Amino acid sequence: MTLGKMSVTLLIVAGVFLAACQPSVAPTTQAPQPTQAPQATQAPQATQAPQATQGAQPSASDSGQKLTGTVWKWTTTLMNDGGRTTPDDPNKYLIEFLADGHVAVQADCNRVAGTYTVNANQLVITLGPSTLAACPPGSLGDEFVRQLGNISSYLFKGENLILEIKLDSGSMTFAPSAPAGLPGTSWEVINYNNGKQAVVSLVTGTEIALNFGTDGRLSGNSGCNTYNGGYEISGKTLKVGPLVSTQMACDKPAGAMEQEQQYSGGAAKCGDLRDRRRYLDHS
């Protein structure tokens, strides 16, 4: 299920912002009967060349479940030694198996691309390039990526997807991700009002992201720095803040810091967001 574009209206209130046979047995040779002429030896039949093996397709369970077509959210990892890892917000840890053999991962505030191969219930995930945002303290992004790189097989249990870790050492459990409304969703800014009566696109080479937690907290990346804070929803009204942010200075690309100030300082009054999981179709 590759998610399409969505848009919302950003509202700034008091300087805050929004920016998955038996073996043959040789017959006993009988002696030729003396009264019969020996039969002509039959020429051996040509051996049929084996057919080329087709690429493995994502298989479905007996109930019709498939790896593809669902965005899966990580709910817990249980190791055989009793260790357990549970993310505070499962919607920040997502994986989608695309039909073309690619896999897309959201690991907290970073996105990771990769590929996967399937043979029956055997599964290998090979992860590649990743964004390099600094996630908030307590993030499980690195651990999530590490575990995904050690998967050896999968199965379905009810509506959940179970990814088995190598050496039978543990398993990761995923549930279908179907958040309602803003809570549990992640967004990517594609343009914004710069406070000068103009809606502009982002500076080339920058990204601005916004994640709504299910606990009334939000976080994201404003192009250079990361931020987090609270939010409230009342009908169609959204209030954000107070917010805290890191204080890094980014001199590249040119214009990144000015853009960040416009975004986080309250100049942006409206703009377009797209579901951050839009990256799943590599657009």
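How many salt bridges does the structure hold? Two. Keep in mind that this is a predicted model. I'll take the salt bridges, then the disulfides, then the strands, the cores and the pocket.

Start with Glu207. Glu207 forms a salt bridge with Arg111. The closest N and O atoms are 2.7 Å apart. Now look at where the two residues sit. Glu207 is in the loop between strand S11, residues 199-201, and strand S12, residues 209-212. Arg111 is in strand S5. They are 96 residues apart, so this pair links distant parts of the chain. 

Is Arg111 buried or exposed? Arg111 has 12% relative accessibility. The cut-off for buried is under 20%. Therefore Arg111 counts as buried. Glu207 has a relative accessible area of 33%, and is partly exposed.

The other salt bridge joins Glu143 and Arg146. Here, too, the closest N and O atoms are 2.7 Å apart. The setting is a helix. Both residues lie in helix H1. They are three residues apart, about one turn of the helix. Glu143 is partly exposed, at 25% relative accessible area. Arg146 is partly exposed as well, at 47%.

Next, the disulfides. A quick reminder: a disulfide is a covalent bond between the sulfur atoms of two cysteines. The count in this model is two.

Take Cys109 and Cys135. A disulfide joins them, with an S to S distance of 2.0 Å. Which parts of the chain does this pair tie together? Cys109 lies in the loop between strand S4, 102-107, and strand S5, 110-119. Cys135 lies in the loop between strand S6, 122-130, and helix H1, 141-148. So the pair ties together parts that are 26 residues apart in sequence. The torsion about the S-S bond is about -105°, so this disulfide is left-handed. Cys109 is buried, at 7% relative accessibility. Cys135 is partly exposed, with 24%.

Now Cys224 and Cys250. A disulfide joins these two, and the S to S distance is 1.8 Å. Cys224 is in the loop between strand S13, 217-221, and strand S14, 226-234. Cys250 is in the loop between strand S15, 237-245, and helix H2, 256-264. This pair ties together parts 26 residues apart in sequence. Why is this disulfide called right-handed? The torsion about its S-S bond is about 75°, so it is right-handed. Cys224 is buried, with a relative accessible area of 7%. Cys250 is partly exposed, with 23%.

Number the bonded cysteines in sequence order, and the pairing reads 1-2, 3-4.

On to the strands. I'll follow strand S1, residues 71-79. With which strands does S1 pair in the antiparallel sense? One is S3, residues 93-97, over three bridges. In S3, the bridge partner of Trp72 is Ile95. Another is S9, residues 170-176, over seven bridges. There, Thr76 stands opposite Thr173. And S1 pairs with S2, residues 84-85, over two bridges. In that pairing, Leu78 stands opposite Arg84.

S1 and S2 form a hairpin, with four residues between the strands. Look for Gly82 in this hairpin. Gly82 takes a positive phi near 100°.

While we are on strands, here is a general point. In a regular strand the side chains alternate between the two faces of the sheet.

Now the nonpolar cores. Again, a general point to begin. In soluble globular proteins, nonpolar side chains tend to be buried together. In this model, the largest nonpolar core has 24 residues. Which of them touch the most other members? They are Phe97, Leu123, Ile125, Leu163 and Phe174.

Last stop, the largest pocket. Its volume is about 370 Å³. The lining is made of 18 residues. Which are the closest to the centre? Asp88, Asp89, Lys92, Pro136 and Pro137. And which element gives the most to the lining? That is S13, with three residues.

Key: Residues are numbered from 1 along each chain as its sequence is written. This is a predicted model: local features need pLDDT of at least 70, side-chain atom pairs count only at pLDDT 80 or more; totals for chains, interfaces and linings use all residues. Side-chain values use heavy atoms; hydrogens and water are left out. Two strands pair if DSSP finds at least two bridges between them. A disulfide is a pair of cysteine sulfur atoms within 2.5 Å. Buried means under 20% relative accessible area, exposed over 50%, partly exposed in between (1.4 Å probe, protein chains only). A nonpolar core is a set of buried Ala, Val, Leu, Ile, Met, Phe, Trp, Tyr and Cys residues joined through side-chain atoms within 4.5 Å. A salt bridge is a side-chain nitrogen of Lys or Arg within 4 Å of a carboxyl oxygen of Asp or Glu. On a 1 Å grid over the protein atoms alone, a cavity is a set of points where a 1.4 Å probe fits but cannot get out, and a pocket is an open set with protein on both sides within 12 Å along at least five of seven lines; lining residues have an atom within 4 Å of a point. Grid points are joined across faces, edges and corners, and a volume is the space filled by probe spheres set on the points.
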